[in-house]
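This report describes selected features of a single protein chain. The sequence and the structure are shown first, and the description follows.

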Amino acid sequence: MIQKYRFGTPIETCAVIKELPVTEEKLPFFEISSKKENTEFVYKMADKDIVYGLGEQVRGINKRGWIYKSCNADDPHHQEDTKSLYGSHNFLLLSGEELFGVFFDYAGTVTYDVGYTHRDTLRITPEDWNLDVYVITGECEKDIVKQFRKLIGRSYIAPMWAFGYGQSRWGYKDAKDIRKVAAEYRKRNIPLDSIYMDIDYMERYKDFTIDEDAFPEFETFCAEMKEQGIHLVPIIDAGVKIEEGYDVYEEGVKNDYFCKDAKGKDFVGAVWPGRVYFPDFLKPETRTWFGEKYAFLLEKGVDGFWNDMNEPAIFYTEERLASVMERISELSKENLDVDSYFEFTGLVAGIGNNVGDYDTFFHEIDGKKVSHSKVHNLYGYNMTKAAGEAFEKLSPEKRILMFSRSSYIGAHRYGGIWQGDNKSWWSHLLMNLQMMPSLNMAGFLYTGADVGGFGSDTMEDLMLRWLQLAVFTPLMRNHSSRGTREQELYRFDNCDTCKKMIEIRYGLIPYLYSEYMKAVLSDEMMFRPLAFDFPKDAAARGVEDQLLLGNELMIAPVYTQNSTGRYVYLPEEMMLVRMRSLSDYETQVLVAGHHYVKAELDELVFFIRKDKAIPIGATAINTERLDAGTLKLFGYAGATYDLYEDDGYTKAYDLDSCIREIV
Ligand code: MIG
């Protein structure tokens, strides 16, 4: 059951697709406590209660013990003490003494003190008191999530080719670089479906332009890559360069499509190209206009995009830069001591992505001026919505790949997300795993992290172990930052082992795609904490580094360096699979309980649940060449599998007619 409670006059977020009546009853579970500065929702947690949810956040599957903040942030340091990442997903699931889900539909900042100040107290503090709260009760965790997902609408569906392996790097500067990547992969017969184009493809970082010197005859280049079975996936940034003669800028100014400053002038911020205007994506007209701009690339043969910098990331605002410069020039005359030195470094460090700037620019909602700070978390969502809505018109038949960095619940209907600028750290491999279920709860099913890590220098063993997790995630993209160690698989001595992992991925794609589509079409989670299927199992409730995948698998990757195995908890009997390649593997049935499982660096380990089997096929150079005729059941003897199969390309998806039983 879902009940909707309203406080004040909330700003419409369009997170929810069902119009529910507002109940007059008293909000259950929470006390509303008013203090001088703020009002909070307070819930007393029992000792063993687990708090699931919050989508894209650091730390564990169980969020207890820390403070989180919904305030979309461009923060490349995903650390234990980080409070906000790129998305705001205000859904929590309490499991323990009570069982309920709660969604705070609120566009501004929300703070979640999940047993940090007091171990037993969950305190939720929205910045003001205009919000809708949905409380969901049900039989079990899965049932509550399913009700919530029905409330927020069906998740975005990616094309099948987006389940292939993708290679990316911030630093491919021209067609020659990209051709080289393609050639190196093809030469070694490593499967590959896509190469990503980062900001360098644009003409001086202007959206919807192509640098003609770097990419002459882009359309032909795109066709050349398609010929090799490779999709090019360009990045689109939120800020629009201020430059006379640049059509996107000029149209935006003329038609009033940009955010305004306090005086009503177009608001000036700065990102890659220097000074930019930010499209007011909260205005339907702006969305229609910006969305149609993607046609520029679609017409050239592109069929996938990633939206970036849409929190929005701001390097500086005119105003702040000016005042900082002024203060620095004063300070430059001083003898910098303990106070003034830190003031100086703080001033410089505080120029970029300063939350204080969110009060200095404005959106137009239903003709009214609204401060950005009130709707900050909706910005990236509406950029993705602009693209998603446009694709329905521009490409009514064919699916277009879209994933975004910033998001809010609701954005899941228009695109996936990736987990942002992680680092080549072992802890971030675990974080990738831990974030999967909470993102699924929030509706983001097409997701994954930068494999191998984005920032800092990767290691070949980290890359291999990371592949052993990413083999299972819908988005499997190797991406890294400029200035870090190059990490295309062919850079490593163990390239051949990496290749085998990619081949296993392609063998698993029919199964993974099938489970993904079933999850999307029935509003379920593809990745679940163990306790969602074994709620009464106390040991399962504590597991933070294993997940259930679909209805047949459990994954438990190795995420520590120099380990040749790990402890795994089996809530029931399962079949251990240890795979070195599609043709070199062993299986072993293990009883329920704790096991030490060996997994050498070149061994992918996963588990098939009791009396289940999955289809595995032959590998192929890309998804288009996968042959369903090669599928064979793998797992418990006698088990069958209901395979969901469609063309992976058009929008003719249907749960009933696309299922075929594999025996
Ligand atoms: O960090 O476009 O998250 O994937 O390579 C700077 C350059 C901006 C952030 C994205 C990252 C991308 C990078 N961008």
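## Surroundings of K260

Leaving aside residues up to four places away in sequence, K260 touches K265, D266, F267, T360, F361 and F362. The model is a predicted one. K260 belongs to strand β16, which comprises residues 260–261.

Is K260 buried or exposed? The relative accessible area of K260 is 17%, and because the limit for a buried residue is under 20%, K260 counts as buried. The side chain of K260 makes polar contacts with two aspartate side chains: one with D256 at 2.5 Å, and another with D266 at 2.7 Å. D266 is also among the residues that K260 touches.

## The four-stranded sheet

An open sheet of 4 strands has the order β15-β18-β17-β20, with antiparallel pairing. Its edges are formed by β15 (240–241) and β20 (316–317); each has a single partner strand, so one side of each is left without a neighbour in the sheet.

## The six-stranded sheet and helix α13

A further open sheet contains 6 strands in the order β29-β30-β31-β36-β33-β34, and its pairing is antiparallel. At the edges stand β29 (527–528) and β34 (584–590), each of which pairs on one side only. Helix α13, spanning residues 495–521, packs on this sheet and touches β30 (547–549), β31, β33 (574–581) and β36. The direction of α13 makes about 135° with that of β33.

Two of the strands touched by the helix, β31 and β36, also pair with each other: β31 (residues 553–555) and β36 (residues 604–609) are antiparallel over 3 bridges. In this pairing, M554 stands opposite F607 of β36.

## Contact between the domains

The domain assignment of the chain gives domain 1 as 2–152 and domain 2 as 512–662. Their C-alpha centres lie 31 Å apart. The contact involves 15 residues from domain 1 and 16 residues from domain 2.

The size of an interface is often expressed as the accessible area lost when the parts come together. Here, domain 1 and domain 2 bury about 1300 Å² between them, with 52% of it on carbon and sulfur atoms.

How values were computed
Residues numbered from 1 in each chain as written. Predicted model: local features only at pLDDT ≥ 70, side-chain atom pairs only at ≥ 80, totals over all residues. Heavy atoms only, no water. Pairing = 2+ DSSP bridges. Contact = heavy atoms within 4.5 Å. Axes fitted to C-alpha atoms, helices over the stretch in contact; angles between N-to-C directions. Buried < 20%, exposed > 50% of the residue type's maximum accessible area, 1.4 Å probe, protein only. Polar contact = N/O pair within 3.5 Å; in protein donor to acceptor, adjacent residues only side chain to side chain. Domains from an automatic or database assignment. Buried area = accessible area lost by both parts, 1.4 Å probe.
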